[in-house]
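Good morning, and thank you for the time. I would like to take you through one structure, starting with its charged pairs and moving on to its nonpolar regions.

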Amino acid sequence: MRKTSLFCRGRWLRLLSLVACAFLVSAASHSAFAQEVTLSEEQPIVITGEEVPSAYGAPPGLSRSRFSNTTQAYVLPPWAFFFGELFEGQGFRHGPPDYLFTQEIEMGLPYRFNVAAESQFERFNGGGGAQTVSLEARWALADWNKIPLNPTLFAEYKFGVGPIRHEEVPPPPGGGGEEEESGPPQIPNAYEVRLLLAQEFFGRVEWAMNWFFEKENTGDRGREWGFSQAAMTPVLLPNERLKIGIEMEYKNVTTKDTRGDAVNSFVLGPTVAWKPTAQTRLDISPLFGCTHDSPVADVFVAFSWLFGGERAEAEAPVSSRFRYYTDAAYSRSGKDSDKEMKQVAPPPCPDWYGDREWNVNLFGTYAFTNTEFAPNPSLVDIVQSTSEGGAVLGTYDHYIGGDHAWGGGGDVKYFFCRYVGLGVEGFALDASKPGFDIFEDPTVPIFVHRRINHDHTIGAVLGTLTLRYPIPCTRLSPYAWAGVGAIFGGGERDIVHTQGPPDAFAVHAQTDHFGAETKALGQFGAGLEFRVARHIGWTNDLSFGMIDGTKNNFGMFRSGLNLAF
């Protein structure tokens with residue numbers, strides 16, 4: 001009995017051991033399965049960063065065409081658009097200051113190409129107007145950091161569209177300073193080539209340098225060469241919203257008469273760049289002259305937009321300093337950094353522009369004439385020159401009259417597809433045209449001569465064709481338009497007739513007055529619309545108007561409110 005009992009007890013112990021082992025194996029298996037499920041179901045770590053477009057791997061600060069106010073760098077991402085407004089004010093040791101206003105728009109293309117258009121306006125010594133219109137192209141030799149200093153080739157052709165108001169090179173002694181009777185000579189066409197260099201150092205300092213050469217095709221055949229460079233680094237604000245640095249520019253300028261006596265200008269100073277948003281940037285550069293030929297101060301202020309590149313087929317930037325964790329607590333928690341990190345897909349973009357819509361635009365406008373406003377100040381000289389066979393009236397616009405005018409207007413357009421619209425435009429300008437009233441009869445004797453002003457309201461009506469391109473996933477839409485119509489209310493003329501000897505005080509003189517006339521008008525321009533809401537937009541554009549006849553052309557800035565429905 002004892003043996004049997006021991007035998008049974010041993011058998012039950014072995015059975016209990018087997019059950020315990022099976023339970024442990026099952027528990028371990030369940031634990032492993034549960035751990036696998038937990039790991040597989042754990043939420044991914046999401047990293048988000050401010051959208052910063054990058055051109056072929058370049059840092060965003062070197063991917064926006066204009067690196068600083070005097071220096072450009074590399075290229076834009078494919079299908080990105082850059083729009084900039086640049087002001088330059090130069091103060092000289094002698095004479096009035098010179099103010100330049102530049103508007104530029106640039107588009108990035110595949111294979112590291114860019115194309116651009118630029119217009120420049122000048123205000124100097126009480127006069128002003130359009131100066132040049134330029135077409136530009138650039139090409140980067142390779143993707144970012146494939147070649148040291150990332151060389152980029154730049155070419156530009158400038159069309160002179162206004163008179164020379166301020167000479168960069170003073171005329172040589174004893175000649176070259178006389179103006180034509182019809183006014184100052186026109187700005188000649190010119191070409192310019194540049195070599196653009198750019199590099200990032202230590203993951204924090206960005207540097208760019210431009211070498212340039214420009215030559216005028218006609219006129220005094222001015223020649224200019226030199227370099228500009230800038231270095232910048234981010235400070236204080238996150239996401240590189242604020243940068244500071246140093247900037248400089250050297251120019252050597254000569255004409256055909258001064259090849260051996262060049263004007264050497266070198267300016268140097270600080271530069272600051274601030275990004276109010278991810279797409280906009282404000283640059284300010286107060287530069288100061290370092291040579292006798294330099295301006296005392298050369299101040300630059302630029303505001304620019306960069307849009308479209310966020311969705312372009314561009315590589316991610318090489319530098320990682322532009323990314324940050326959404327959950328800062330997670331980055332401090334010390335969790336396993338080997339876990340998979342994923343970026344969530346962005347939500348669908350809102351559609352700010354309709355495929356078919358009506359647009360009603362109300363705008364204010366500033367018009368500036370393309371002819372220098374410099375009428376002959378002497379009425380006696382007008383009589384004398386007329387009696388000699390050729391009236392010298394000076395220069396002024398023959399239709400609008402003065403050098404500028406303010407006004408307003410509106411247009412109605414229907415976009416029958418997303419990109420093309422037809423419409424009607426009208427505007428009115430409050431303008432003033434100089435005139436005179438002269439009567440002379442030496443037999444009485446009587447000599448009446450007085451100046452008068454033809455204060456008038458000029459109106460225009462045109463039919464227009466508009467092309468636009470709403471940038472995907474943005475509120476912006478660049479546009480261009482052209483129109484043909486009529487302009488009325490201006491063009492008054494005063495013509496003096498003389499009879500007798502060529503003597504201002506011994507001739508019979510009488511003035512004939514001619515009233516306003518209607519003329520054909522053609523207008524074309526380009527601008528940018530920003531949709532504040534789906535049905536409300538803000539438009540800003542620049543246009544050029546051509547009136548039938550000579551010395552009639554004008555430019556126009558418009559800014560207004562657009563209602564879409």
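R558 is buried, with a relative accessible area of 7%. Please bear in mind throughout that this is a predicted model. The partner of R558 is D541, and the closest N and O atoms of this salt bridge are 3.0 Å apart. The two residues link distant parts of the chain, with D541 in strand 26 and R558 in strand 27, 17 residues apart. D541 has a relative accessibility of 3%, so D541 counts as buried.

Let us turn to a second pair. The side chains of D355 and R418 form a salt bridge with an N to O distance of 3.2 Å. Because D355 sits in the loop between strand 15 and strand 16, and R418 in the loop between strand 19 and strand 20, this bridge ties together parts that are 63 residues apart in sequence.

At 4% relative accessibility, E156 counts as buried. Its side chain meets that of R194 in a salt bridge, 3.5 Å from N to O. E156 lies in strand 6 and R194 in strand 7, so the bridge ties together parts that are 38 residues apart in sequence. Both E156 and R194 are buried. The side chain of E156 also makes a polar contact of 3.2 Å with the side chain of S134. Among the other residues that E156 touches are E118, L135, A190 and Y191. Salt bridges with shared partners join E156, K158, E192, R194 and E214 into one network. In total, the model has 22 salt bridges.

I come now to the nonpolar regions. In soluble globular proteins, nonpolar side chains tend to be buried together. Here, the largest nonpolar core has 16 residues, and those with the most contacts inside it include I400, F427, I458 and F554. Strands 16, 20, 21 and 27 each supply at least two residues of this core. I458 illustrates the packing: beyond its sequence neighbours, I458 touches residues including Y399, I400, F427, L429 and I487. Apart from this core lies another, of 15 residues, with A55, A73, W144 and M232 among them.

There is also a nonpolar patch on the surface, whose residues include W358, F530, W538, L561 and F565, with about 860 Å² of accessible area for the whole patch. Strands 25, 26 and 27 each give two or more residues to this patch. L561, located in strand 27, counts as partly exposed because its relative accessibility is 46%.

Finally, consider helix 3. How many of the nine residues of helix 3 are buried? Seven are, and the helix is thus mostly covered. Among the buried residues are L379, I382 and V383, together with Q384 and S385. The cover over them includes strands 20, 21, 23 and 24. At the N-terminal end, S378 caps helix 3, with a side-chain oxygen 3.1 Å from the backbone nitrogen of D381. After the helix comes G389, with a positive phi near 110°.

That concludes my presentation, and I welcome your comments.

Methods. Residues numbered from 1 in each chain as written. Predicted model: local features only at pLDDT ≥ 70, side-chain atom pairs only at ≥ 80, totals over all residues. Heavy atoms only, no water. Core = buried A, V, L, I, M, F, W, Y, C linked by side-chain atoms within 4.5 Å. Buried < 20%, exposed > 50% of the residue type's maximum accessible area, 1.4 Å probe, protein only. Helix = DSSP H or I, 4+ residues; strand = E, 2+ residues; numbered from the N terminus. Contact = heavy atoms within 4.5 Å. Patch = residues over 30% accessible without salt bridge, like charges linked within 9 Å, V, L, I, M, F, W, Y side chains within 5 Å. Areas by Shrake-Rupley, 256 points an atom, 1.4 Å probe, with all protein chains shown as cover. Salt bridge = Lys/Arg side-chain N within 4 Å of Asp/Glu carboxyl O. Polar contact = N/O pair within 3.5 Å; in protein donor to acceptor, adjacent residues only side chain to side chain. Lists of a residue's contacts leave out its neighbours within four places in sequence.
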